[in-house]
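Please read the report below alongside the sequence and the coordinates. It is written for a reader who wants each term given with its cut-off.

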Amino acid sequence: MEKNINWELEITRYIQNLDRSAVTKDSYKRILMNFYKYLLGNNNLNPNKEDLIAYKDYLKKSVGSATVSKVIVVLRGFFIELASTDKYPNIMLGIRGEKISMNFKRSALTLEEVFKLLKKAKKLAVTLEGKRDYALVALIATCGLRTIEIERANKSDISTKGDVRILFIQGKGRTDKSDYVKLSNEVYSILEDYLLDRTDQNEALFVTHQRGKESKRLVTQDVRRIVKELLRRIDIDDSHYSAHSLRHAFATNLIKNGMSLEQAQVLLRHKDISTTMIYIHGIERDSNNGELIMSDLLFGGKNNARH
């Protein structure tokens, strides 16, 4: 199958004609451009169905099932459009999405580990970059923000509601900033310490700080990298721990300390409470020591304190 096609041009045209929000269009474009870069890297600009399956397998090595499924959906729409204009065959026919796991692939940090992470970030907050990282971690730890919500946050989103300071956020799948999180006096003080030291004119709440280079908005990959590096500094270097582990810890520790599932759903901004229930499953799994009890029964050990 030989079809001469300008992939970059067709991707641009497809995105321009999509009836989606600007945020969604940006997300789709990143997905399609990553696919194009994969084709370039493999010196293959005439992919077939087998190549698509290979790309799917390639993605599964580094991202979760939900991300793979989203990529499949975007590629499917793109190739349907190409086929409808007879520019390229629909090689997505028969390519299935991934079954999305209802268990978290990221582990929650314990309260003690969050304390340790914040302590380390505070110790490193002697430079502008260090102050930024401390503010970023404090915000996620106390408000349970997603990395995309950190990316989209602007300085002007900080406001007040009554006598409480708040941060308006644009959540997952949202096109506006109607949701907000409350900022404690301590977290606001950490944020203020960072913002007062900045001299750039960027509207973003968190930006890059590289000598001799213009400050740019932090994107999700930057946020993940910053948190991952701080985790390594407290000797947590495990693929199961990431920036999402802080959001997971936020939810898990609140539920353990008596917050209802419905209250947690509101704070986490979950559309479906079944998503919030996954945290309950994690808590129940952590406290279920059935394997240890059985081992004690069989071997007479003392693995479980209740036995």
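## Basis and overall make-up

This is a predicted model, in which local features need pLDDT of at least 70, side-chain atom pairs count only at pLDDT 80 or more, and totals for chains, interfaces and linings use all residues. Residues are numbered from 1 along each chain as its sequence is written, and side-chain values use heavy atoms, with hydrogens and water left out.

The secondary structure of the chain comprises 13 helices and three strands, where helices (H or I, at least four residues) and strands (E, at least two) are DSSP runs numbered from the N terminus. Of the 307 residues in the chain, 41% are buried; here buried means under 20% relative accessible area, exposed means over 50%, and partly exposed lies in between, with a 1.4 Å probe and protein chains only. The accessible surface of the chain is about 18,100 Å², and carbon and sulfur atoms hold 49% of that area; these areas come from the Shrake-Rupley method with a 1.4 Å probe, and for residues only the protein chains shown count as cover. Among contacts in the chain with a separation of 6 or more, 56% are between residues 24 or more positions apart, a contact being heavy atoms within 4.5 Å.

## Nonpolar cores

A nonpolar core is a set of buried Ala, Val, Leu, Ile, Met, Phe, Trp, Tyr and Cys residues joined through side-chain atoms within 4.5 Å. The largest such core has 42 residues, and L109, L136, L139, F206 and L246 are those with the most contacts inside it. The elements that give two or more residues to this core are α5, α6, β2 (164-169), β3 (179-183), α8 (185-197), α9 and α10. Helix α6 gives the most to this core, with nine residues. Apart from this core lies another, of 29 residues, among them I15, Y36, Y55 and Y88.

With neighbours within four places in sequence left aside, L139 is in contact with G144, L145, I150, L167, L183, V187, L191, L205 and F206.

| Helix | Residues in helix | Span, first to last C-alpha | Expected span |
|---|---|---|---|
| α6 | 16 residues | 22 Å | 22 Å |
| α9 | 14 residues | 20 Å | 20 Å |

Because 13 of the 16 residues of α6 are buried, this helix is largely enclosed by the rest of the structure. Just after α6, G144 takes a positive phi of about 65 degrees.

In α9, the buried residues are T220, D222, V223, I226, V227, K228, L230 and L231, and they pack against α5 (111-123), α6 (128-143), α7 (147-152) and α10 (243-256). An α-helix has 3.6 residues a turn, so residues three or four places apart point the same way.

Helix α9 is followed by D235, which lies in the loop between α9 and α10. The phi of D235 is near 65 degrees, a positive value in a residue other than glycine, and D235 counts as exposed because its relative accessibility is 68%.

Strand β1 (residues 158-161) pairs with β2 in the antiparallel sense over four bridges, pairing being assigned if DSSP finds at least two bridges between two strands. S159 stands opposite I166 in β2. The hairpin of β1 and β2 has two residues between the strands, and in this hairpin G162 takes a positive phi near 70 degrees.

D157 is found in the loop between α7 and β1, and it counts as buried because its relative accessibility is 9%. D157 touches R152, I166, L167, F168 and K177, not counting residues up to four places away in sequence. From D157 to L167 the C-alpha distance is 5.4 Å, while the two are ten residues apart in sequence.

The side chain of D157 also reaches the backbone nitrogen of N154 at 2.7 Å. This is given as a polar contact, defined as a pair of N or O atoms within 3.5 Å; within protein, one must be able to donate a hydrogen and the other to accept it, and residues adjacent in sequence count only if both atoms are side-chain atoms.

## Two further residues

T252 is found in helix α10 and counts as buried, at 7% relative accessibility. The side chain of T252 reaches the backbone oxygen of H248 at 2.9 Å.

D86 lies in the loop between α4 (65-84) and α5. The phi of D86 is near 60 degrees, a positive value in a residue other than glycine, and D86 is exposed, with a relative accessible area of 61%.

Methods: Expected span 1.5 Å × (residues − 1).
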